[in-house]
Amino acid sequence: METLIELSQKMPKTELHLHIEGTFEPEQMFAIAQRNKVSLKYNTVEELKAAYQFTNLQDFLDLYYQGMSVLLHEVDFYDLTMAYLKKVHSENVVHVEIFFDPQGHLSRGVSFETQIKGIYNALKDAETQWGMTSKLIMSFLRHLSEESAFETLELAKPYLNWIDAVGLDSSEVGHPPEKFLNVFEASKKLGLKVTAHAGEEGPPDYVWQAIEQIGVDRIDHGNRALEDDKLINEIKQRNLTLTVCPLSNLKLCVVDDMKDHPIKRMLALNLHATVNSDDPAYFGGYMNDNYQSLIKNTKITKEELFQLAKNGILGSWMADQQKEHHLKELNTLFA
Ligand code: ADE
Ligand code: ZN
């Protein structure tokens with residue numbers, strides 16, 4: 001009999017909530033800083049790692065934007081993305097849907113083309129080498145204006161074949177989804193899918209806005225939706241997937257203790273919760289670590305583990321045939 005941890009490692013997994021800039025491991029950050037002759041605020045890898053103590057989302061974001069500032073050239077974006085893909089390939093992740101934050105680089109003079117070419121080429125190489133498939137989500141920074149988001153959408157137009165969706169991330173409180181109503185409308189008209197971070201720190205009302213005003217295809221996090229029974233029903237009625245990030249929630253104090261993580265409650269409510277790593281280099285673990293932490297701390301059952309992996313396949317934007325293929329593999333493993 002395999003243990004739940006062994007099963008979680010072996011099972012085919014999807015990752016649906018991952019910021020590529022959040023996969024920047026300190027060792028790689030220092031190596032790229034050195035080759036680009038950029039100085040970091042920290043002198044050593046150890047000093048940097050010691051700073052990874054966050055009391056809220058903003059604490060983390062301040063470091064996250066500093067970290068990404070060493071990314072200058074196409075090869076930097078390629079190397080960053082490839083390092084992540086290699087890591088999760090070794091964890092039996094078969095499909096990824098990753099965010100990138102164009103405005104975090106444009107503001108430093110790094111062109112949209114430089115960013116997307118590096119990321120896209122790594123995604124395509126992973127598909128060629130390992131059959132790992134992917135979708136790319138361009139995320140708007142919500143602490144900036146809707147006008148800035150529109151400028152970013154304009155820059156993306158030559159690359160729409162490479163972009164599958166738009167998202168909304170960065171500082172949530174004070175920057176509700178409705179601030180971006182028009183740019184999401186314009187994105188949809190271009191054929192892009194839509195997702196938004198909502199209910200990580202922000203109130204249930206932000207989740208309502210994401211659903212009713214923006215018309216999202218998915219909700220990133222969604223933890224605070226559990227405070228509102230009508231909202232829970234709405235999410236179920238619309239079959240919306242929640243991309244939940246357990247270790248992120250712990251590190252950013254969205255939950256105080258992994259033992260109290262709401263993912264079991266989400267499953268009990270028949271919400272389509274999935275497991276994801278968000279910013280693994282900052283939060284202490286990739287996909288397998290997230291599952292392992294849930295298994296060790298929340299007493300999830302084999303059935304719940306299966307359901308989480310199944311939700312990840314069904315909640316992805318893969319073609320139906322590909323979903324069926326991975327579901328079959330999953331069923332065989334759990335039989
Ligand atoms: N950007 C990167 N990670 C994020 C998170 N967890 N929430 C909001 N914005 C982010
Ligand atoms: Zn996120």
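Tutor: A polar contact is a pair of N or O atoms within 3.5 Å; within protein, one must be able to donate a hydrogen and the other to accept it, and residues adjacent in sequence count only if both atoms are side-chain atoms. This model is predicted: local features need pLDDT of at least 70, side-chain atom pairs count only at pLDDT 80 or more, and totals for chains, interfaces and linings use all residues. Residues are numbered from 1 along each chain as its sequence is written, chains are lettered from A and ligands numbered from 1 in the order written, and side-chain values use heavy atoms, leaving out hydrogens and water.

Student: What makes aspartate 279 a polar contact of ligand 1?

Tutor: An N or O atom in the aspartate 279 side chain is 2.7 Å from a nitrogen atom of ligand 1. The cut-off is 3.5 Å, so the pair counts. A polar side-chain atom of aspartate 278 also lies 2.7 Å from a ligand 1 nitrogen. Serine 170 uses a backbone N or O atom, 2.8 Å from a nitrogen of ligand 1.

Student: How much of ligand 1 does the protein bury?

Tutor: Taken alone, ligand 1 exposes 260 Å² (Shrake-Rupley method, 1.4 Å probe). The protein buries 100% of that.

Student: Which residues are around ligand 1?

Tutor: Those with a heavy atom within 4 Å of ligand 1. Among them are His19, Leu57, Phe60, Asp169 and His221. The shell divides into four nonpolar, four polar and four charged residues.

Key. Ala, Val, Leu, Ile, Met, Phe, Trp, Tyr, Cys and Pro count as nonpolar, Asp, Glu, Lys and Arg as charged, and the others, Gly among them, as polar.
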